[in-house]
Amino acid sequence: MEEPSTSHRRDFLTGRSAGQVAGDALVRAAGHLAEFADALAPAEITTGGEKSAGYVLTLRRRAMACDFEIRLNADRENENTHTAAAMRALDLVEDLEEQLTVYRDTSEVMDLNRSAADDWFEVESRLFQMLELGDKIYRDTGAAFDMTGGPLSRLWGFDRRQGRVPSDEEIEQTLAHVGWKHVELDPTRNAVRFAKRGVDINLNSIGKGYAIDREAELLVEEGVTDFLLHGGRSTLVARGRRTGEEGWIVRLRHPLRPQQVIAEFVLHNEALSTSGSATQSFMLGGRRYGHLIDPRTGWPADAMHSATVLAPSGALADALSTAFYVMGEEATAKYCEAHPDIRAVLVLPAEQPGEVRLRTFNLVEASP
């Protein structure tokens, strides 16, 4: 793929391969999605070596079941101080995992889940702010985003990576304990209460973006102005620009042919997140079941290949990419029409077998 000579942070499809997609709106796909389910990485970050770009220093840490990575411009003058700040940011991610995870009994979220059905439970102020954001997204997306959906993931076996198809009765019984409507928030004391026993909160669809936002805050506070952060290559936050570029380049892979790039973004002081179920799914009876479950029905969403969102913050992009995947094409269109600061691209099945279709919202195409 050729590098474009110029780009803009609001540009969408750039380069030769993506330009072909823009031309006919369809991409010929080869093979079946299941063949690439384990290999698909929805977003790919450029790693350096472009003729116009400078060198990048990369630091990485394993947390939240994925690799968190910080990319800095190589700068001899500030290398030591910027590297030290980046290490502290990665330390912060580990601290946040201790607070937010539902896989460790000692976390604050697990304490919340054990206590909130009995009485109001006060949480740390930044955690409460994230819950408030999730509450707003829940209401704005018609309950497509719901932080109480963990029991459904467990029911389908995705927490153990041992997929199963539950019975209709099991789904109905589990749905009785799912629903953010059962959660009450008291902002006067950062307190949470569950109106129904059996409800629990899981931050899998927002926590990674939130952690990256907190990393970005720390780096800016310590004087680092140009960096790209990601968690698992699917949620990213960019600040400033890469040396020699107008921002940080992020490429979106084809969902059926991971070696093909179908879109390219230049990020500058914004976040991007991609959601898709191909990396966590199982086949049964000739049907693929993905891990992104519609909390309103209890069944895996399957209307699209992936949803990519550009938003002001990582937490918002992370949550909305999941919500859009669940909501489907037309509900996403209505949301983006009402929120012009949110940009998105959906990769959808096409009428012809083996083809995909792109639909974009609030995005501007770049010149080839």
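A: Buried here means under 20% relative accessible area, exposed means over 50%, and partly exposed lies in between, computed with a 1.4 Å probe on protein chains only. The model is predicted, so local features need pLDDT of at least 70 and side-chain atom pairs count only at pLDDT 80 or more, while totals for chains, interfaces and linings use all residues. Residues are numbered from 1 along each chain as its sequence is written, and side-chain values use heavy atoms, with hydrogens and water left out.

Side chains of opposite charge can pair when their charged atoms come close. A salt bridge is counted when a side-chain nitrogen of Lys or Arg lies within 4 Å of a carboxyl oxygen of Asp or Glu. The structure holds 24 of these salt bridges.

One of them joins Arg71 to Glu69, with 2.4 Å between the closest N and O atoms. Arg71 is buried at a relative accessible area of 4%, and Glu69 is buried too, at 1%.

Another salt bridge pairs Glu170 with Arg164, the closest N and O atoms being 3.0 Å apart. Here Glu170 is partly exposed, with a relative accessible area of 26%, and Arg164 is also partly exposed, at 31%.
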